[in-house]
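This briefing is meant for a reader who is meeting the structure for the first time. Please keep the sequence and the 3D view at hand while reading the points that follow.

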Amino acid sequence: MSRLIPFFGFLLLVALFGFGIWWNTQHDQREVPSPLINKPAPAFVLPKLDDPAQTVSRDALLGKPYLINVFASWCVACGEEHPVLMAQGKSIGVPVIGYNYKDDASDAKNWLAQHGNPYNMVIVDREGRTAIDFGVYGAPESFLVDGKGIIRYKRIGPLTPEAIEKELKPAIAALAKESP
Amino acid sequence: MRRVLLLVSMCLFACIAIAQAIDPLPFKDHAQEVRFQNLTRELRCLVCQNENLADSNADLARDLRHEVFNLMQQGKSDEEIKQYLVDRYSDFVLYDPPVQGSTLLLWFGPLVILLAGAAVVVVTVRRRARPANAAMDDRPADEGDDW
């Protein structure tokens, strides 16, 4: 019996290894849970893309929920996400604010002109300074902010039709229930 | 062979020189630079997650290095700077995670495994020592496949 102990030890290691593989296929290792969920969105004042003289602040947006979508013309995954936003952006029930991240203004305008503009408004963070406050580490990212300015949901990576259906829409529906 | 080695090492040194030239930060003195290097080595880059902030070439890592540098200029302590980043990016940015409920296994798991291993060794050694003379007779000759 005692000779079988190493064999059981080996089986245990195999099981652990198998579990590790299974776990990593179920979870995106790159995804870092945001500590900002259910916390107030960071205060920001950022210029608009089409009129840099005008700025938009967090406090000016209080009162109604909105979705912030971080994008950039240089970001490949944003290109994958873009058709989804074009198709479904207007139907999710809250305004979608484009957050142009570390991008050249003319590149961003060309990109939107070429692929279409799914955003109700686009704000610009050229240096990416405010994005650090939001904990952005890779575009695209999306933040659902409620009427009180609290971040309620965050999606890292492209919004897919599945993610919109299973995560974003329920989150928006939950907001609607809270403040009739 | 020696020439190849020389060439490789020259290239490596060139890379180091370039890496430092890309991102020059105006440190007040050497002590501050050392502190900056030590601090950024303990912080994880979120883009290439197996690199620290000091080594990473990612755009975001550069921004965060500048952020750390600015916070240092404002007189923030290492702890305050770490907290600043944790508030934004969660404990994930720390290479040295704090001891808390969710990290107990991480901190003490290896110790538990070590103790379990030690227990197995002790039990095995004792068991072997005891029947050495008593059970010798009914065992076949040592086949050499004992572990």
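Leaving aside its neighbours within four places in sequence, which residues is Tyr101(A) in contact with? In this predicted model, Tyr101(A) is in contact with Val70(A), Phe71(A), Ala72(A), Asp125(A), Gly128(A), Ala131(A), Val136(A) and Ala139(A), once those neighbours are set aside.

**The nonpolar core**

- The largest nonpolar core has 57 residues, and those with the most contacts inside it are Val70(A), Phe71(A) and Tyr101(A).
- The element that gives the most to this core is helix 3 (residues 59–73) of chain B, which contributes 6 residues.

**Helix 3 of chain A**

- In helix 3 of chain A, which runs over residues 105–115, the buried residues are Ala108(A), Trp111(A) and Leu112(A).
- Seen down the axis of this helix, its buried residues fall within an arc of 95°, so they line one face of the helix.
- The other side of helix 3 of chain A carries the exposed residues Ser106(A), Asn110(A), Ala113(A) and Gln114(A), whereas the buried residues of the helix pack against strand 4 (96–101) of chain A.
- Just after the helix, Gly116(A) takes a positive phi of about 100°.

**Contact between the chains**

- Across the two chains, 13 residues of chain B are in contact with 12 residues of chain A.
- On the side of chain B that touches chain A, the elements that give two or more residues are helix 3 and helix 4 (78–89) of chain B, and helix 3 of chain B gives the most, with 4 residues.
- By class, this side of chain B has 7 nonpolar, 2 polar and 4 charged residues.

**Domains of chain B**

- Chain B is divided into domain 1 (23–98) and domain 2 (99–136), and the C-alpha centres of these two domains lie 40 Å apart.

**Backbone features**

- Most residues other than glycine have a negative phi, and most peptide bonds are trans.
- Lys102(A), although not a glycine, has a positive phi of about 45°; Lys102(A) is found in the loop between strand 4 and helix 3 of chain A, and it is buried because 20 other C-beta atoms lie within 10 Å.
- Ser90(B), which is not a glycine either, has a positive phi of about 70° and is found in the loop between helix 4 and helix 5 (104–129) of chain B; with 16 C-beta neighbours inside 10 Å, Ser90(B) counts as partly exposed.
- A cis peptide bond, with omega about -5°, joins Ala139(A) and Pro140(A), and Pro140(A) lies in the loop between helix 4 (129–133) and strand 6 (141–145) of chain A.

Technical notes
Residues numbered from 1 in each chain as written. Chains lettered and ligands numbered in written order. Predicted model: local features only at pLDDT ≥ 70, side-chain atom pairs only at ≥ 80, totals over all residues. Buried ≥ 20, exposed ≤ 12 C-beta atoms within 10 Å, placed from the backbone. Arc of directions from axis to C-beta. Contact = placed C-beta atoms within 7 Å. Domains from an automatic or database assignment. Core = buried A, V, L, I, M, F, W, Y, C linked by C-beta atoms within 7 Å. Nonpolar A, V, L, I, M, F, W, Y, C, P; charged D, E, K, R; others polar.
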